[in-house]
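Hello,

Here is the structure you were asking about.

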Amino acid sequence: MFQDLKGRRVLITGSTLGIGLAAAEAFVRMGAKVGLNGRRVPADIEATLARLNALEGEAAFFQADVGTEQGATALVADFVARFGGIDVLVNNAGGLVARKKLPDIDTDFFHAVLDVNALSAVMVTREALPHLKASAQGGQSSSVILVGSVAGDVGGGPGAALYGAAKAWLHNVQKNWVNFHSADGIRFNTVSPGTIDTAFHADKSEEVKAKIGAGIPLGRLGRPEECAPAFLFLASHACSGYMTGQILNVNGGQFMP
Ligand code: NAD
């Protein structure tokens, strides 16, 4: 399975940690050429690259803040300069920014949340579009994968209204792209994680996490590596070439549409 991912050029935004890094490792194990990205250069990036480059494929790091149009443009240009094109784009960068209840939300906070979660996906996808179209000329569809969230379906936790709404926005925006870019051979799908144990939940104690886990049908939080196969599946033309416009929930039964 996933053999067609060998040699595919995969750009994953926000992939120095957590779900993005686990996905990157899974793609490299399949022989893909993978671009890691972070807003800053992590202290352990050389060790991470050495670990990944000892596997089947290839990995390189590209620093860029994809919450800005300039950063998104630079990231795609740098990735293409290195690997010569893009076959798969994973718009994974995202986060809460902070938890703020409605009385505390101001314009700056609104834009900060929307920039990292929504603008990033639009700008990186826009820049990647000609490369994804060129990739699809080879007969295999190219693939854009958005990263949604259970918060996009149920509204997000305390102080996470804008985050949840931004994720719901992502769940929706791919529908238009499917309608107007399928002729280019590009598929658009979303991986929507439930509560996954990453730095995203660093503000919670183990006790709180256990409480959240107890409320999930599978009885625990998910692990980043448990999300990774969903990305491989949606990236692989052989596995999902007739799937587009879908949301794949990886959530332990937390939300059942
Ligand atoms: P994380 O905080 O562990 O990792 C976030 C990554 O994004 C890091 O590599 C960070 O460097 C990068 N990043 C953040 N802002 C960036 C920017 N402006 N430009 C470039 N890179 C940036 O988070 P995670 O839990 O792995 O989350 C990954 C994605 O999954 C996010 O979109 C998040 O919203 C989504 N998600 C997470 C959960 C969860 O429970 N962990 C649930 C649903 C959805």
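Start with helix α6, residues 161-181: its 21 residues at 1.5 Å each should span 30 Å, and its end C-alpha atoms are 30 Å apart, so the two agree. The expected span is 1.5 Å times one less than the number of residues. Helices (H or I, at least four residues) and strands (E, at least two) are DSSP runs, numbered from the N terminus.

This is a predicted model, in which local features need pLDDT of at least 70 and side-chain atom pairs count only at pLDDT 80 or more, while totals for chains, interfaces and linings use all residues. Residues are numbered from 1 along each chain as its sequence is written, and side-chain values use heavy atoms, with hydrogens and water left out.

Which residues of α6 are buried? Among them are Leu162, Tyr163, Ala166, Leu170, Val173 and Trp177. Buried means under 20% relative accessible area, with a 1.4 Å probe and protein chains only. An α-helix has 3.6 residues a turn, so residues three or four places apart point the same way. The cover over the buried residues of α6 includes α4 (107-136), β5 (142-147) and β6 (186-193).

As for the whole protein, it has nine helices and seven strands, and 51% of its 257 residues count as buried. Its C-alpha trace spans about 50 × 35 × 35 Å along the principal axes.

The unreviewed UniProt entry annotates residues 8-189 as "domain: Ketoreductase"; such annotations may be inferred rather than shown by experiment. That span is 50% helix and 16% strand, and its end C-alpha atoms lie 18 Å apart.

Regards

Methods
Buried means under 20% relative accessible area, exposed over 50%, partly exposed in between (1.4 Å probe, protein chains only). Contact means heavy atoms within 4.5 Å.
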